[in-house]
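Subject: Structure handover

Hello,

Here is the structure I promised to pass on. Please open it first, then read the notes below.

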Amino acid sequence: MNTLPSWLIYCRPGFERDCVEETQAKPVETTENSGYVVLQGKPRLAYRQLAFARQLLSLHAEVSDLPERDRLTPLLAAIPVSLERFSALYLEVPDTNEGKTLSGFTRRFQPLLEEALRVQGRLADASGIHPSTGSERTDISPRLHIFFPDNQRALIATADPHNSSAALNGIQRVSMASDAPSRSYLKLAEAFEVFLDKKEQALWLKPGMTAIDLGAAPGGWTWQLVQRGLKVTAVDNGPLKGAAAGHPSIRHLREDGFRFRPQRPVDWLVCDMVEQPQRVATLMTEWFIGGYTQRAIFNLKLPMKKRVAALNDALNSIRTALNNKGIRYQLEAKQLYHDREEVTVYLARKR
Ligand SMILES: C[S@@+](CC[C@H](N)C(=O)[O-])C[C@H]1O[C@@H](n2cnc3c(N)ncnc32)[C@H](O)[C@@H]1O
């Protein structure tokens with residue numbers, strides 16, 4: 001019997017090979033542009049350490065040839081009995097055109113499967129209470145994820161709530177502000193949701209705090225910070241647009257973002273300059289070693305073929321430089337839903 005765990009990972013379509021490369025696990029199913037991979041051969045993977053994984057799930061079973069008239073019976077039969085209880089049920093599809101055509105079905109099917117699992121006493125109700133035990137198990141029980149690569153197949157998987165994304169399809173939804181100068185506004189909104197929990201957001205994104213935005217124009221990231229009450233110095237030779245132009249909480253400096261340093265330390269540095277990842281990594285390191293900021297969110301653009309290697313080189317250079325200075329830090333990288341050929345990185349100084 002094969003005892004190696006299997007993993008199901010969701011990713012941006014086109015980044016399947018990057019997922020395989022960074023996990024160093026054995027690829028079992030990796031179809032280009034499918035938006036997911038199945039892997040084997042690693043006893044443990046850590047969601048927050050995987051930049052290209054939107055979701056990390058343990059894969060338990062697969063059903064193929066699902067009949068259109070009754071998908072419920074074969075699916076229920078395929079959920080292993082060893083998986084006793086679930087805190088929630090997620091029905092999911094790949095982030096592809098085919099996946100989008102299935103989302104109507106998953107919405108209709110969700111209440112049917114939920115009801116069947118509740119009758120079996122295996123699914124917590126909406127308040128997180130399990131009917132069989134009466135106890136609140138939201139934090140302990142895994143979530144059940146049923147992933148439909150197409151309308152005939154289903155992969156049955158579970159998520160460890162502490163080692164996965166809580167967002168449906170691994171995509172954190174954020175909303176656009178009608179007056180935002182650019183759609184990049186959404187990217188920084190998503191980054192805050194992905195890297196910081198609500199408590200951390202309340203603590204570290206307080207009105208009156210200060211931020212520098214390097215490569216700020218036309219102003220989407222700056223606007224995201226201003227909406228959260230921060231005072232922003234926006235550094236860019238280009239113009240800020242729309243509501244960001246001339247806003248009292250924004251100081252716009254037409255300077256080189258690689259040379260600029262603030263006179264006083266700030267709470268946040270954000271940086272979206274289109275440059276070599278290594279050059280941006282070096283700049284971030286200099287800011288942290290110089291004590292200019294406590295936290296940073298920055299983009300590393302990865303237009304090259306060897307994306308994983310370029311990313312690892314950039315992240316490792318930050319680790320080495322900060323370790324050498326004895327600086328304690330948290331460093332995480334994720335390809336967000338709003339990231340194309342790039343990843344977003346969170347770096348914070350730890351006490
Ligand atoms: C991807 S855009 C930033 C979009 C911005 N984050 C937003 O939300 O609207 C990159 C910006 O970096 C700026 N940039 C590139 N190199 C720069 C440098 N050396 N100094 C300052 N700005 C730079 C460009 O002028 C451009 O406006």
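Start at Pro-218, which sits in the loop between β8 (210-214) and α6. This is a predicted model. A cis peptide bond links Ala-217 to Pro-218, with omega at about 0°.

Gln-24 is not a glycine, yet its phi is positive, near 60°. Look for Gln-24 in the loop between α1 and β2 (26-29). For context, most residues other than glycine have a negative phi, and most peptide bonds are trans.

Now the overall layout. The protein chain splits into domain 1 (6-170) and domain 2 (184-349). Their centres, taken over C-alpha atoms, are 32 Å apart. Domain 1 gives 14 residues to the contact, and domain 2 gives 16 residues.

There is also an annotation. The UniProt record, an unreviewed entry, puts the feature "domain: Ribosomal RNA methyltransferase FtsJ" at residues 182-275. In the model, that span is 29% helix and 21% strand. The C-alpha atoms at the ends of residues 182-275 are 20 Å apart.

α4 and α6

Helix α4 covers residues 184-195, and helix α6 covers residues 220-227. Their axes come within 7 Å and cross at roughly 50°. The crossing of α4 past α6 is right-handed. On the α4 side, the contact uses Ser-184, Tyr-185, Lys-187, Leu-188, Ala-189 and Phe-192. On the α6 side, Gly-220, Trp-221, Trp-223, Gln-224, Leu-225 and Gln-227 take part. By class, the residues of this contact are 7 nonpolar, 4 polar and 1 charged.

α7 and α8

Helix α7 runs over residues 277-289. How do α7 and α8 pack? Their axes are 9 Å apart, at an angle of about 20°. Angles under 35 degrees count as roughly parallel, so α7 and α8 are roughly parallel to each other. α7 passes α8 in a crossing that is right-handed. From α7, the contact takes Pro-277, Gln-278, Ala-281, Thr-285, Phe-288 and Ile-289. From α8, it takes Asp-313, Ala-314, Ser-317, Ile-318, Ala-321 and Leu-322. The contact of α7 with α8 has 8 nonpolar, 3 polar and 1 charged residues.

α1 and α8

Helix α8 (residues 307-324) also packs with helix α1 (residues 16-23). Here the angle is about 50°, and the axes are 9 Å apart. α1 and α8 are therefore oblique to each other. Which residues of α1 and α8 meet? Asp-18, Glu-21 and Glu-22 come from α1, while Arg-307, Val-308 and Ala-309 come from α8. This contact has 2 nonpolar residues, no polar ones and 4 charged ones.

Best wishes

Methods. Residues numbered from 1 in each chain as written. Predicted model: local features only at pLDDT ≥ 70, side-chain atom pairs only at ≥ 80, totals over all residues. Heavy atoms only, no water. Axes fitted to C-alpha atoms, helices over the stretch in contact; angles between N-to-C directions. Helix = DSSP H or I, 4+ residues; strand = E, 2+ residues; numbered from the N terminus. Left-handed = near helix turned anticlockwise from the far one by under 90°. Contact = heavy atoms within 4.5 Å. Nonpolar A, V, L, I, M, F, W, Y, C, P; charged D, E, K, R; others polar. UniProt positions renumbered as here; feature names shortened; annotations may be inferred. Domains from an automatic or database assignment. Parallel < 35°, antiparallel > 145°, perpendicular 65-115°, else oblique.
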